[in-house]
Amino acid sequence: MSRPEVAAPAEPAAPAVVLEQTWRDPPGLWGWLSAVNHKTIAARFLYAAFAFFVLGGILALLMRLQLARPDSRLIGPDLYNQLFTMHGTTMMFLFAVPVMQAIGIWLLPLMLGTRTVAFPRMNAFAFWIFLFGGVMLFAAFLIGMGPDAGWFAYVPLANADYSPGKRIDIWAQMITFTETAALMEAIVIIVTIFKMRAPGMTLDRMPLFAWAMLVTSFIVLFAMPAVMLASTALITDRLVDTHFYDPELGGDALLWQHLFWFFGHPEVYLIFIPPLGVISAIIATFSRRPMVGYRAMVLSLIATGFLSFGLWVHHMFATSLPELGKTFFTAASLMIAIPTAVQIFCWLATLWTGRLVLRTPLLFVLAFFVILLAGGLTGLMLASVSLDTQLHDTYFVVAHLHYVLMGGAVFPLFGAFYYWYPKFTGRMMSEKLGKWQFWLFFTGFNVTFFPMHIVGLEGMPRRVYTYPDGMGWNTINLGVTIGAFMIATSVLLFIVNAWRSRQRGALAGADPWGAGTLEWRAASPPPAANFDVLPVVHGRYPLWQPAALPDRVAGIDPGLREVLLTSVTAAEPDHRMLMPSPSPWPFVTALATTVFFVASIFTPWAVVWATLPVAITATLWFWPRRSESEQRHQREVRP
């Protein structure tokens, strides 16, 4: 096979019509089920994750209505237990991680200068698995079988003795669904970043958002198997009488906490690290200058990923673990603030030395600094074993959690939506509505969660469905509920803005912000193939670099689903690869896999007989097709 080449600007561009026909998904319902285009799958991920975000927010509003006044009987204890479990599970497993991976799947091929992601069919399969798992969880909730032991499902509370029925079994299988999807997405992202970058895009020239997604994906690979192992052991304890968590028969209840939080604390950084890349992109664009301290930023991202695995006992200070051991995790909890501080100083230096353009995406980033600072300071407080022991089961921890996760993830996420919305749709969002939404969200967030620190210090317990009158918490809880409805109003305003702008927003053009990274070279919205010609990169901000030769890749057949693979470090052209065509088998295999997991909730024999349809559909998925074989042969024999 001949090697790909780079060509001078005089090289004629590949016909856009041919590329569109080659890379687009088939029309019709069958084509919709067969889609493998990375933008199509990522958009579905985004819509589904945002829908789960809205559903999780509705659950939170129901809880706040219950807590708005003392001795409320609006919601009973059983339903309240389901509400806070479903809320936490939805936000952590069905929204926070999937939405970040979805943005990465949409943007990375454009940022890296390629036409698709690695393993496009596996990418489609991951979406269907994620969707079916989320639908299964909410279907169970609607028929009164929602999980009720918290999003962390501590044993022995989650054991069959204390949680009979199928509620916890459904929760455990949902974990397997979502984490399987997350693992597959992590593999897709890692291979795409390492092997599909444009020629010249060395690791030292890669966008910081790509670095953030790379670090996140490696965390997923090492963290997610722990919770999948934990949930599988839990469901076997419940269904086939194993005793992993039963101390009376040789098990250990704390084993669950070790396995869960070995995943759970890195998951905080799975949620937190991708927004760091978003912030770097937005600050560089609206400061009109390259990011200060690029290598320091990269090393800080990597250090954060490594240190995140040394913090899990941070969540177990109230257990009977040795005090000396807890001190090491206190030290690690303090150390992880260092790489984040390095990034903050780099961002501030970029803002200070740049020429600021204050638009809605930058407002959300600036709010991130304020919110994260508050959340980080309370995190340092909770790193103290003695203080954490007193505050562990109070609303102080609820406030800290939301300041870190909403301040560290949701604020940058809204900034990302406003920033890349023109690239997604080809139209601009309303700045006026955007600023109204920002101030409503910022105000509502602080009205909601800052007072929780106060009632937490006063001893109000979390995860309790009511409280007596006369405790001094009445006014604060009413104010918190009002703040929650302000947040809901701001989210509704965002939805209205997005919908209205999609129909009537100003046309954006390819690069409405004057940004420097490669995704803004493509049209808005990008065509099916992303680029008419594959670019060659000469700097960290290609659109801000002076024109250089060569600037495009030659030798890629526009009539075939070919991509250029490059070397891992130097991004030198390596070889061409024919990517798989659209196929319905990922969808069918996901259906068979769903039947397998759902059936196993009710009978262990499903592990035997429900394996057969999964094996059949997976075999048909990977069975070579004549048309694909002919294309590969045609490409191999061409001189």
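1. Starting with Arg167: at a relative accessible area of 16%, this residue is buried, because the label covers anything under 20% relative accessible area, with exposed meaning over 50% and partly exposed in between (1.4 Å probe, protein chains only). Before going on, note that this is a predicted model, where local features need pLDDT of at least 70 and side-chain atom pairs count only at pLDDT 80 or more, while totals for chains, interfaces and linings use all residues. Residues are numbered from 1 along each chain as its sequence is written, and side-chain values use heavy atoms, with hydrogens and water left out.

2. What does Arg167 pair with in a salt bridge? Its partner is Asp78, with the closest N and O atoms 2.9 Å apart; a salt bridge here is a side-chain nitrogen of Lys or Arg within 4 Å of a carboxyl oxygen of Asp or Glu. The two sit in distant parts of the chain, 89 residues apart: Arg167 in helix H6 (residues 167-195) and Asp78 in helix H4. Helices (H or I, at least four residues) and strands (E, at least two) are DSSP runs, numbered from the N terminus. Asp78 is partly exposed, at 38% relative accessibility.

3. Helix H6 shows up again with Lys195, which links to Asp574 in strand S4 (residues 573-578), 379 residues away in the chain.

4. Another pair to look at is Asp393 and Arg463, whose side chains meet in a salt bridge of 3.1 Å, N to O. This one joins two loops, 70 residues apart: Asp393 lies between helix H13 (385-391) and helix H14 (395-425), and Arg463 lies between helix H15 (431-457) and helix H16 (474-504). Asp393 counts as partly exposed at 42% relative accessibility, as does Arg463 at 29%. Salt bridges with shared partners also tie Asp78, Asp148 and Arg167 into one network. The structure holds eleven salt bridges.

5. The largest nonpolar core has 198 residues, and Met206, Trp256, Phe260 and Trp420 have the most contacts inside it. Helix H4 (residues 77-112) gives the most to this core, with 22 residues. Apart from it lies another core of nine residues, including Trp23, Ala529, Val563 and Met579. A nonpolar core is a set of buried Ala, Val, Leu, Ile, Met, Phe, Trp, Tyr and Cys residues joined through side-chain atoms within 4.5 Å.

6. Where is His314? Look in the loop between helix H9 (294-307) and helix H10 (323-335). His314 counts as buried, at 10% relative accessibility. Its side chain makes a 2.8 Å polar contact with that of Ser333; such a contact is a pair of N or O atoms within 3.5 Å, where, within protein, one must be able to donate a hydrogen and the other to accept it, and residues adjacent in sequence count only if both atoms are side-chain atoms. Leaving out residues up to four places away in sequence, His314 touches residues including His265, Phe329 and Asp388, contact meaning heavy atoms within 4.5 Å.

7. Last, helix H12 (residues 360-382) carries Leu373. Is Leu373 buried or exposed? It is exposed, with a relative accessible area of 55%. Leu373 and Ala341 are 32 residues apart in sequence and 9.9 Å apart in space, C-alpha to C-alpha.
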